[in-house]
Structure formats: C-alpha cells, structure tokens
Amino acid sequence: MTETDDGVVDWTRRTVEAIGVGTPDIISPTGALTPREPYDVAREDAEKRITRLLARLPVDGERRLRDLDPLDARRAAVAKAHVAAETRHFSDGTVHLPASASFAWVAAEWPADPAAKIDVPVGPPLPGPSGLIVKLGAPMKPAVRLRLTTPAGATLAAGTVHDPLGPTGAVFAYAEAEVDLPALVGDAPLLVEAAPGEGRGAITLPDEALVGQRIPGAIVILWPEPKR
C-alpha cells in the first residue's frame with residue numbers, strides 16, 4: 001500500500017482510496033451555516049482526491065497514468081464513477097466520505113506501442129504455466145507494468161495486455177491468503193524467487209527461465225510485510 005496526501009494506493013485490490021471531507025462554515029454569531037451541505041462538499045472533495053490519485057498512479061518506471069494520453073477519457077470517467085462508502089458524521093457537523101476507484105482496467109486497456117512488434121501466437125496456447133507468482137526477498141517500488149531483468153541482461157515487460165507475461169495485470173500481496181490465487185494465476189502457476197531491481201517496477205530474476213515464455217494469467221508479487 002502506498003500512502004499519499006490524497007489517500008492510498010492499494011496494490012493488492014488495485015484500487016485508489018480517499019476520504020472526502022466536508023466541513024460546515026459558520027457565517028454568523030448565531031451559528032448559521034452556509035447553504036451548501038457538508039455531504040456535497042465531501043463528495044466533491046472525494047472525487048478530486050480520486051482524480052489526483054489516478055493521475056499520479058505509477059504505471060511504469062518513469063510515467064504516471066496521466067502520461068498515457070489514450071487513457072485520459074477513461075481515467076476521468078473512472079474518477080467520476082468512484083464508489084462511495086457509508087458517510088461518517090461528526091458532532092461538529094463535519095462529514096467524511098470514504099471513496100475508491102479501481103485501476104485494474106489499466107492493464108487491459110494499456111495502449112499499444114505502434115513502433116513495437118507484438119508477436120501474437122496463432123492457434124491454441126501451448127501447455128505451460130497458467131500464471132506467475134514472484135516471491136521477493138525485499139520490498140520494491142510497485143507499478144502497473146513491470147520490468148523483469150535476467151542475469152544475462154534480457155529485459156521483459158510484464159503486466160499489461162500486450163506483454164507475454166501476466167497480460168491480465170500485476171497484483172502485490174504480503175501473503176497468498178490475501179488474494180484469490182486460482183482466479184489470478186490459474187491452477188498451474190509458476191513460482192520464482194527474485195529480488196527488486198533498480199527503479200520503480202523493476203525485478204531481477206535469478207535465471208533465464210522466463211525468457212521466451214508466454215504465461216497467460218496474472219503476476220502475483222509476494223513481498224515482505226514492512227516492519228512495524
């Protein structure tokens with residue numbers, strides 16, 4: 001989970017979460033309040049926070065979601081359609097409105113690079129792993145799209161619809177029990193141990209095992225829980 005001034009990025013649920021705040025303004029000695037309802041203020045505040053969280057979402061080692069121009073309209077629509085939870089009312093009239101929005105769609109709608117050749121296989125998929133589980137020995141800086149590097153220097157993109165590895169996306173979790181593994185990686189996932197690489201979204205693999213493979217499921221990153 002990544003904490004920011006506007007809220008948090010939950011890399012396990014693939015959501016951004018914020019709390020909109022609405023505070024009544026006292027405009028007279030008698031305690032009269034402004035015509036605007038604190039709930040309306042909280043709702044607008046929540047949408048603004050969700051909008052900023054999505055815009056700043058790290059999508060790879062260098063870019064944020066706001067840098068993917070083809071996804072601008074979708075990003076705005078997702079922010080506007082955010083899901084609000086139960087309103088919390090406080091004795092001073094302040095209203096807190098928890099809200100969230102998914103970013104799981106980014107992996108599925110990742111724009112194709114016209115300059116990149118995408119080798120799409122023809123015919124039924126070859127037998128092999130149904131998904132990929134990567135167990136990290138140390139925390140990393142997460143991103144939507146990952147960069148996997150092998151000891152021989154090969155670099156593999158992973159985690160979006162155009163990638164050979166994990167085209168349905170990457171999910172980060174502290175333990176297998178936190179996620180629905182069969183739904184994410186199928187019934188025959190490949191488990192590899194790896195280490196964080198240099199930069200956001202980077203992972204260093206221990207060998208060349210994944211080079212040339214096409215693994216259809218998601219990538220589940222198991223990373224160490226931070227010490228408290």
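## A buried aromatic pair

Trp 11 and Phe 103 are both buried (under 20% relative accessible area; exposed means over 50%, partly exposed in between, with a 1.4 Å probe and protein chains only). The model is predicted: local features need pLDDT of at least 70, side-chain atom pairs count only at pLDDT 80 or more, and totals for chains, interfaces and linings use all residues. Residues are numbered from 1 along each chain as its sequence is written, and side-chain values use heavy atoms, with hydrogens and water left out.

## Aromatic contacts

Rings of Phe, Tyr and Trp (its six-membered ring) pair if their centres lie within 6.5 Å; planes under 30 degrees apart count as stacked, over 60 as edge-to-face and the rest as tilted. The count by this rule is four aromatic pairs. Trp 11 and Phe 103 have ring centres 5.4 Å apart and planes at 70°, so they are edge-to-face. The two residues sit 92 residues apart. Trp 11 is in the loop between β2 (8-10) and β3 (15-22), and Phe 103 is in the loop between β6 (95-102) and α3 (105-109). Helices (H or I, at least four residues) and strands (E, at least two) are DSSP runs, numbered from the N terminus.

Phe 172 and Trp 223 make a tilted pair, because their centres are 5.0 Å apart and their planes stand at 45°. Phe 172 belongs to strand β10 and Trp 223 to the segment after β13 (219-222), so this pair ties together parts 51 residues apart in sequence. Phe 172 is buried, at 0% relative accessible area. Trp 223 is buried too, at 10%. One aromatic cluster holds Trp 11, Phe 103, Phe 172, Tyr 174 and Trp 223.

## The seven-stranded sheet

Seven strands form an open sheet in the order β9-β8-β12-β11-β7-β13-β10, with mixed pairing. Two strands pair if DSSP finds at least two bridges between them. The edge strands, β9 (155-158) and β10 (170-173), each pair on one side only.

Strands β11 (residues 189-196) and β12 (residues 202-204) run antiparallel and are joined by two bridges. Pro 196 stands opposite Ile 203 in β12.

## Helix α2

Which residues of helix α2 (residues 72-80) are buried? They are Arg 75, Val 78 and Ala 79. Their arc around the axis is only 100° (taken from the directions from the helix axis to the C-beta atoms), so they lie on the same side of α2. Ala 73 and Lys 80, on the other side, are exposed.

The buried residues of α2 pack against α1 (38-55), β6 and α3, where contact means heavy atoms within 4.5 Å.
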